[in-house]
Amino acid sequence: MFSSIAFPVFEQSIKDYHQYDDIAQPINNPFRKDKIEHLLYAKNWVDTVQWHYEDIVRDPNIDPVAALDLKRKIDASNQVRTDMVEYIDSYFLEQYKEIQPKAEAKINSESPAWAIDRLSILALKIYHMAEEATREDASPEHRAKCQEKLNVLLEQKKDLSTAIDDLLADIESGNKYMKVYKQMKMYNDEELNPVLYQTKK
């Protein structure tokens with residue numbers, strides 16, 4: 001099952017990041033470049049760094065110049081995340097290119113990679129909620145509330161993992177088929193964002 005491959009890779013990426021917990025630390029991907037695990041690790045690493053960008057930018061005392069720099073890093077990170085999701089979908093398109101969908105096959109509301117993107121973010125939520133549920137300097141009430149939330153997140157992990165595996169099984173059996181749309185983000189494109197293309201005049 002693909003989720004049983006992906007989730008441990010996400011956990012390893014998160015654990016590796018938190019050895020230093022520094023948004024500037026370089027990635028040291030332990031997987032071979034020809035393996036899907038390499039892409040999954042890289043994808044989650046970007047998610048993990050962005051998670052911490054989002055924490056830092058919410059500091060009420062942050063310097064406005066630093067906040068603007070972080071906002072631009074978040075925009076760039078979002079573009080990289082989107083690109084990586086499309087790379088993961090390309091992997092599945094290649095995997096299932098010989099599958100002939102059945103006449104009654106249906107399309108899913110999201111591609112496999114976008115569901116895997118949600119699993120990557122869920123791994124981050126689980127990690128950080130577990131931290132809060134066991135934080136020694138927090139009140140017992142805080143820890144108890146966070147443990148309740150963690151229990152829900154763990155149930156969500158089970159359900160989402162099952163949904164991903166079921167979707168891939170349906171594609172492999174021809175009961176569903178993949179149709180991938182490029183995201184076509186406009187705000188980073190100098191030809192599509194009016195603020196950017198008007199500055200070029």
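## The crossing of helices H1 and H2

In this predicted model, helices H1 and H2 cross in a right-handed sense. The two helices pack at an angle of about 45 degrees, and their axes lie 8 Å apart. Angles of 65 to 115 degrees count as roughly perpendicular and those under 35 degrees as roughly parallel; H1 and H2 are therefore oblique to each other.

On the H1 side, the contact is made by Phe2, Ile5, Ala6, Val9, Phe10, Gln12, Ser13, Ile14, Asp16 and Tyr17. H2 contributes Ile36, Glu37, Leu40, Tyr41, Asn44, Trp45, Thr48, Val49 and His52.

## The nonpolar core

The largest nonpolar core holds 39 residues. Phe2, Leu40, Phe92, Ile116 and Leu119 are the residues with the most contacts inside this core. Two or more core residues come from each of helix H1 (2-17), helix H2 (36-57), helix H3 (64-95), helix H4 (112-133) and helix H5 (140-173). Of these elements, H4 gives the most, with 10 residues. In soluble globular proteins, nonpolar side chains tend to be buried together.

Phe2 belongs both to the contact of H1 with H2 and to the core residues with the most contacts. When its neighbours within four places in sequence are left aside, Phe2 is in contact with Ile36, Leu40, Tyr91, Phe92, Ile116, Asp165 and Leu168.

## The loop residue Asp21

Asp21 is located in the loop between H1 and H2. Its phi is near 50 degrees, a positive value in a residue other than glycine. Most residues other than glycine have a negative phi.

The relative accessibility of Asp21 is 44%. Buried residues fall under 20% and exposed residues over 50%, so Asp21 counts as partly exposed.

## The chain as a whole

The chain contains 6 helices and 2 strands. Read from the N terminus, its elements follow the order α-α-α-β-α-α-β-α. Taken along the principal axes, the C-alpha atoms fill a box of roughly 60 × 55 × 30 Å.

The chain has 201 residues, of which 37% count as buried. Among contacts between residues at least 6 apart in sequence, 72% join residues at least 24 apart.

Note on methods
Residues numbered from 1 in each chain as written. Predicted model: local features only at pLDDT ≥ 70, side-chain atom pairs only at ≥ 80, totals over all residues. Heavy atoms only, no water. Core = buried A, V, L, I, M, F, W, Y, C linked by side-chain atoms within 4.5 Å. Buried < 20%, exposed > 50% of the residue type's maximum accessible area, 1.4 Å probe, protein only. Helix = DSSP H or I, 4+ residues; strand = E, 2+ residues; numbered from the N terminus. Contact = heavy atoms within 4.5 Å. Axes fitted to C-alpha atoms, helices over the stretch in contact; angles between N-to-C directions. Parallel < 35°, antiparallel > 145°, perpendicular 65-115°, else oblique. Left-handed = near helix turned anticlockwise from the far one by under 90°.
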